[in-house]
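Please keep the sequence and the model at hand.

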Amino acid sequence: MRKIVLSCLFLTIHILAQAQLRLPKLISDGMVLQRNTNLRIWGWAKPKEKITLKFKGKIYKTITDTKGDWQVNLPAMESGGPFSMEILGDTRLEVKDILIGEVWFCSGQSNMVHQLNIHDVTYAKEIATANFPQIRQFWIPTLTNLQSPQNDLPNGQWKSAVGEDVRPFSAVAYFFAKKIHEKYNVPVGIINASVGGTPIEAWISENGFKDFATQKSLIEKNKDTAYVNSLNRRTMPRNTPPAIDQGLKTTKWFEPDYRPKNWRNINIPGYWEDQGLKDLNGVVWYRKDIEIPATMVGKQATVFLGRIVDADELYINGKKVGTTGYQYPQRRYKIPADALTAGKNTFVVRVTNTAGKGGFVPDKPYCIFSGTDTLDLKGTWQYKVGLVFRPSMMAGGMGINAQNQPTALFNAMVAPVVNYAVKGFCWYQGESNTGRPHEYAKWLPALINDWRNQWKQESLPFLYVQLPGFMDYNYLPSESNMAIVREAQLNTLSVPNTAMTVAIDLGEWNDIHPDNKKDVGERLSLSALKLAYQENITYSGPIYQSASIEGNTISILFDHIGSGLASHDGEELSDFAIAGEDKKFVWAKTKIEGNKVIVWSDEIAKPLYVRYAWSDNPINPNLYNKEGLPASPFRTDK
């Protein structure tokens with residue numbers, strides 16, 4: 001009986017709590033409302049409760065419906081603030097420090113996630129001098145839901161781009177917002193809903209898949225929690241003895257009194273698979289005695305350990321000073337002022353890798369920095385294997401990673417926002433769809449149409465970033481899934497009121513998260529200035545328009561040439577390939593004639609097809625317009 005009474009009491013408290021006057025997390029202190037458009041303010045209270053909203057000297061009234069939902073419509077307003085909003089029901093709420101300006105919904109995967117803090121060396125000056133109280137971000141935490149769209153977020157708050165609060169800002173979104181703010185001197189709000197490593201399907205609503213039977217079927221299956229749980233149970237590993245890292249036994253390999261035996265030489269940076277450790281997944285320990293000059297002692301220092309695949313722990317003289325559980329971001333660990341001593345200091349790095357090549361990624365910074373002194377860490381270290389992972393013995397099947405499933409991220413991270421008025425969308429995603437690139441040509445237009453339907457505005461500006469170069473350079477013409485995704489992004493320009501930011505020149509061969517986020521954000525802002533604000537500017541680099549065969553040459557015509565086509569580095573145009581009927585492409589010779597590029601090769605007597613920058617990572621895509629914006633990769637063969 002006592003349990004029944006307690007259960008009833010808890011249920012009553014829960015119901016009363018849900019019935020109290022409340023607002024969605026987005027409608028909170030510091031929010032930015034979209035100017036010059038009708039607005040919705042909504043929330044919840046008990047059924048049939050009278051609600052009064054006071055804002056900017058006006059009073060709005062409504063009554064909650066039978067479910068306790070309420071909504072008030074506000075007229076379009078000019079930019080300004082700060083203002084306060086009062087909401088009265090049986091209780092009272094107040095929202096303070098409200099600005100009215102421009103609001104952009106920014107979404108995608110990790111390159112839209114990456115925060116200024118991750119790029120704090122590259123953008124140290126921008127972080128140190130950030131003082132933009134009218135630029136604000138609402139960061140939506142990673143959430144999934146396979147069952148249904150949610151009406152609110154569990155947490156979140158608006159933060160201004162001032163001081164240390166700017167560090168969690170998406171770097172791309174920050175530089176985008178900064179340009180809009182500086183151009184129009186209005187508040188700019190960024191709502192960021194982004195999750196690293198996620199496919200585009202996860203961001204589309206169930207209604208957005210109405211024409212895609214396979215995805216609709218999968219969505220229905222995933223609504224069955226018993227089905228999902230059964231799949232996940234099948235992936236439980238069979239009973240195997242627990243593996244033990246030899247470096248963590250009695251005397252641990254990072255402890256000062258450990259005496260190394262049978263360690264071998266290895267170079268940092270570099271992958272261990274390239275240095276004699278064939279197909280090893282497991283734990284490898286790295287060790288080196290570093291001579292620290294007296295001038296670096298007693299000061300706080302930073303150790304730069306580039307990028308490590310996958311996880312690492314850094315010990316200095318036996319003390320753990322840093323750890324990261326994934327191959328991103330780059331490692332930058334603060335060293336306490338008392339951690340270093342003059343003379344010999346023992347550095348030990350425990351690296352864990354589960355798949356692919358493990359170790360230290362080349363072409364990244366490896367050093368200690370203190371004050372004005374820098375000490376290089378590259379060179380010969382010693383290593384010893386602590387643990388070898390055996391191939392997994394799974395009970396069978398593959399489990400479900402919710403954030404990769406259709407609708408899962410839309411339901412939890414986008415649906416709660418659709419009542420909130422925005423100026424448009426910024427999208428940076430596609431890397432996770434390179435395994436199925438042809439599908440992307442359907443998904444991106446589907447996402448655009450779906451979001452416009454969700455916001456009930458069929459022509460909201462949609463700006464997106466075309467994938468930058470990534471992975472190994474190929475010095476012969478080649479096939480590329482990433483190029484097919486870029487082509488899908490290029491072809492999506494056929495959807496009205498869209499604009500694409502070309503970033504082919506901003507990538508890094510060994511990092512899917514290139515450091516240059518400022519140029520991406522600022523180029524994205526050019527698209528906004530043209531598309532959303534109707535500025536008469538050149539906002540895009542050259543875009544392929546048509547091709548015509550003229551004897552042994554092919555003439556390529558471009559749109560968006562600005563004041564003219566140009567070679568960015570003054571050299572002959574690179575990365576053009578040409579082929580005949582057999583589609584065996586060879587590098588082409590080129591020349592610029594007005595708004596055309598003429599392409600030919602002495603090896604191809606009867607050319608039919610041309611490709612430009614068609615690879616994972618083009619070597620030197622140097623076709624630009626004179627405004628300094630790069631041409632999009634393209635092909636004329638299909």
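Q: How many aromatic pairs does the structure hold?
A: This is a predicted model, in which local features need pLDDT of at least 70 and side-chain atom pairs count only at pLDDT 80 or more, while totals for chains, interfaces and linings use all residues. Residues are numbered from 1 along each chain as its sequence is written, and side-chain values use heavy atoms, with hydrogens and water left out. Rings of Phe, Tyr and Trp (its six-membered ring) pair if their centres lie within 6.5 Å; planes under 30 degrees apart count as stacked, over 60 as edge-to-face and the rest as tilted. The number of aromatic pairs is 37.

Q: Why is the pair of Y326 and Y328 edge-to-face?
A: The ring centres of Y326 and Y328 are 5.8 Å apart. Their planes stand at 65°, so the pair is edge-to-face.

Q: How many residues apart in sequence are the parts that the pair of F576 and Y612 ties together?
A: F576 and Y612 form a tilted pair, with 4.6 Å from centre to centre and 35° between the planes. Strands (E, at least two residues) and helices (H or I, at least four) are DSSP runs, numbered from the N terminus. F576 belongs to strand β30 (residues 576–579) and Y612 to strand β34 (residues 609–612), so the parts joined by the pair are separated in sequence by 36 residues.

Q: Are F576 and Y612 buried or exposed?
A: F576 has a relative accessible area of 1%. For Y612 the value is 0%. Both residues are buried.

Q: Over which ring does the charged end of K583 sit?
A: A charge sits over a ring if NZ of Lys or CZ of Arg is within 6 Å of the ring centre and within 35 degrees of the ring normal. The charged end of K583 is 5.3 Å from the centre of such a ring. That ring belongs to Y609.

Q: Which Trp residues are in contact with Y420, leaving aside its neighbours within four places in sequence?
A: Contact means heavy atoms within 4.5 Å. The partners of Y420 beyond those neighbours include L26, I27, M31, V32 and L33.

Q: What is the order of the strands in the open sheet of four strands?
A: Two strands pair if DSSP finds at least two bridges between them. Strands β27 (residues 543–550) and β28 (residues 553–559) pair in the antiparallel sense over seven bridges, and I549 has I554 as its bridge partner in β28. β27 and β32 (589–593) stand at the edges, each with a single partner strand, so one side of each has no neighbour in the sheet. The order is β27-β28-β33-β32.

Q: Which residue in the turn of the hairpin of β27 and β28 has a positive phi?
A: The hairpin has two residues between its strands. In the turn, a positive phi of about 70° is found at G551.

Q: Which strands stand at the edges of the open sheet of six strands?
A: This antiparallel sheet has the order β11-β23-β13-β19-β16-β17. Within it, 11 bridges join β13 (residues 282–292) to β19 (residues 343–353). Each edge strand has a single partner, so one side is left without a neighbour; these strands are β11 (264–268) and β17 (319–324).

Q: Where does P329 lie?
A: Most peptide bonds are trans. The bond from Y328 to P329 is cis, with omega near -5°. P329 lies in the loop between β17 and β18 (332–335).

Q: What is the relative accessible area of N185?
A: N185 has a positive phi of about 55° although it is not a glycine. N185 lies in the loop between α4 (171–184) and β10 (188–194). The residue is exposed, and its relative accessible area is 61%.

How values were computed:
Buried means under 20% relative accessible area, exposed over 50%, partly exposed in between (1.4 Å probe, protein chains only).
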